[in-house]
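Subject: Structure for your review

Dear colleague,

Please find below the structure that I am handing over to you.

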Amino acid sequence: MSTQRLINTFIDYVSVGSESGNEREFCEALEKDLIDIGFQVERSEMGHLCQSNGFNIHGYLPGEGESILLCCHMDTVKPGCGIKPIEENGIIRSEGDTILGADDKSGIAEITEAVRRLKESNTPHRPIEIMFTLCEEVGLLGSKFADYSNVKSKNALVLDGEEIGEIVNTAAANIVMSFHFFGKAAHAGICPENGIHALKAAARAVDNIPVGHVDDISVMNVSNFLSPGATNIVAPRADFNMEFRSYDEGRVQQHIKTAIEAIEEACNRYGATYTCESERHSEAFSVDPDSQFIKDIFSAYERIGVTPYLEKTLGGCDASNLATHGINAVNIGTGMRDVHTTSEYIKVDDMEKSVCFLYELLKI
Ligand SMILES: [Zn+2]
């Protein structure tokens, strides 16, 4: 029966290891599956852009009405080689020495099963687009470097969360910055007054920069404080990194300004100088709760007896990169649990619910 096929597919998928950067074997197996199901499949050989031997997979299955993009990542965290999945009492877990890989292969197995059922029952469905990505776990790289030129859908479901019924429709902007402080070396015993203490300047800045929940929708953090050197030298160099996350881009910019003011004050005090670089990891996005897309998702869950709810996250996921390319993307749960640990598991019931939800959403 089809639940058994879902279990078998999931077990097949997780049995082919695909730690970030080493996804190719799994990409090839999955590509073959999608072709068997009837998808038009296109490889996007962009692995070199994220130090991976794999490729992104784009798939398209014609249908009627408005298309929808389904997105999952194919990579896993470590230890993800030699996974031996065990099914017991309706729960699938690993033998305990590896992760399971339900993050995110549960989403992939649920998609392929839902589409197989639609096709077998000759049920009319929407056009279905697929984007399966590399290297999500190491900075959302597969979706960052994906080819969006042929994406037809306005709306996308990213299946990469835990709870069935959870719909993340709001996510934070995330900017990471590196700060480098420059002073002047001098002998700390003989002529310390000739030096400029970069470490003291950096330490004062760090002390004056707020961290944690800096307002109701933003968090900040300082990390990687470094100033290696000998005890008899006035430290000429110090560095630290920062991260800024907020649901509002304006707040991110405001908090960056606050940090830079603290850094400039500290540099002025000690006579040090600084440089900085910043890298954007994600943009803030929010899909309108009153949009037809969200209403369709709610109604599909309700039809299978699941109570859906909206959620927001300060974390990142592929949906952030899709949103950057103008796609209305939400992240939903697949049933995966305790991810990124060797206790990771998933309930077959939850996977089955997710398949039924997808079937309801995709059929017309
Ligand atoms: Zn994931």
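Two residues are in contact if their C-beta atoms, placed from the backbone, lie within 7 Å. Helices (H or I, at least four residues) and strands (E, at least two) are DSSP runs, numbered from the N terminus. Please note that this is a predicted model, in which local features need pLDDT of at least 70 and side-chain atom pairs count only at pLDDT 80 or more, while totals for chains, interfaces and linings use all residues. Residues are numbered from 1 along each chain as its sequence is written.

Overall layout

The protein contains 9 helices and 17 strands. Its C-alpha atoms fill a box of roughly 85 × 45 × 40 Å along the principal axes. Among contacts with a separation of 6 or more, 77% join residues 24 or more positions apart.

The protein is divided into domain 1 (2–171 + 284–362) and domain 2 (173–282); such bounds come from an automatic or database domain assignment. The C-alpha centres of the two domains lie 39 Å apart. Where they meet, 8 residues of domain 1 are in contact with 10 residues of domain 2. The domain 1 side of this meeting place has 3 nonpolar, 4 polar and 1 charged residues. Here Ala, Val, Leu, Ile, Met, Phe, Trp, Tyr, Cys and Pro count as nonpolar, Asp, Glu, Lys and Arg as charged, and the others, Gly among them, as polar.

The sheet E4-E5-E17

Two strands pair if DSSP finds at least two bridges between them. Three strands form an open antiparallel sheet in the order E4-E5-E17. Its edge strands, each pairing on one side only, are E4 (86–88) and E17 (345–347). E4 and E5 (residues 91–93) are joined antiparallel over 3 bridges, and Ile91 in E5 is the bridge partner of Glu88. Helix H9 lies across E5 and E17, running at about 65° to E17. For such angles, axes are lines fitted to C-alpha atoms, for helices over the stretch in contact, and the angles run from 0 to 180 degrees between N-to-C directions.

The sheet E10-E11-E12-E9-E13

A sheet of 5 strands, also open, has the order E10-E11-E12-E9-E13 with antiparallel pairing. E10 (212–215) and E13 (273–282) are the edge strands, and the twist averages 25° from one strand to the next. E9 (residues 173–182) and E13 run antiparallel and are joined by 9 bridges; Val176 stands opposite Glu279 in E13. Helix H5 (residues 198–208) packs on this sheet, touching E9, E11 and E12, with its direction at about 20° to that of E12. Helix H6 (residues 249–270) touches E9, E10, E11, E12 and E13, and its direction makes about 160° with that of E12.

How many of the residues are buried? Buried residues make up 47% of the 364 residues. A residue is buried if 20 or more other C-beta atoms lie within 10 Å of its own, exposed if 12 or fewer, and partly exposed in between, with C-beta atoms placed from the backbone. A nonpolar core is a set of buried Ala, Val, Leu, Ile, Met, Phe, Trp, Tyr and Cys residues joined through C-beta atoms within 7 Å.

The largest nonpolar core has 102 residues, of which Leu70, Val158, Ala198, Ala201 and Val330 touch the most other members. Helix H9 (residues 348–362) gives the most to this core, with 8 residues. Leaving aside residues up to four places away in sequence, Ala198 touches several residues, including Phe181, Phe182, Ala235 and Ala272.

Yours sincerely
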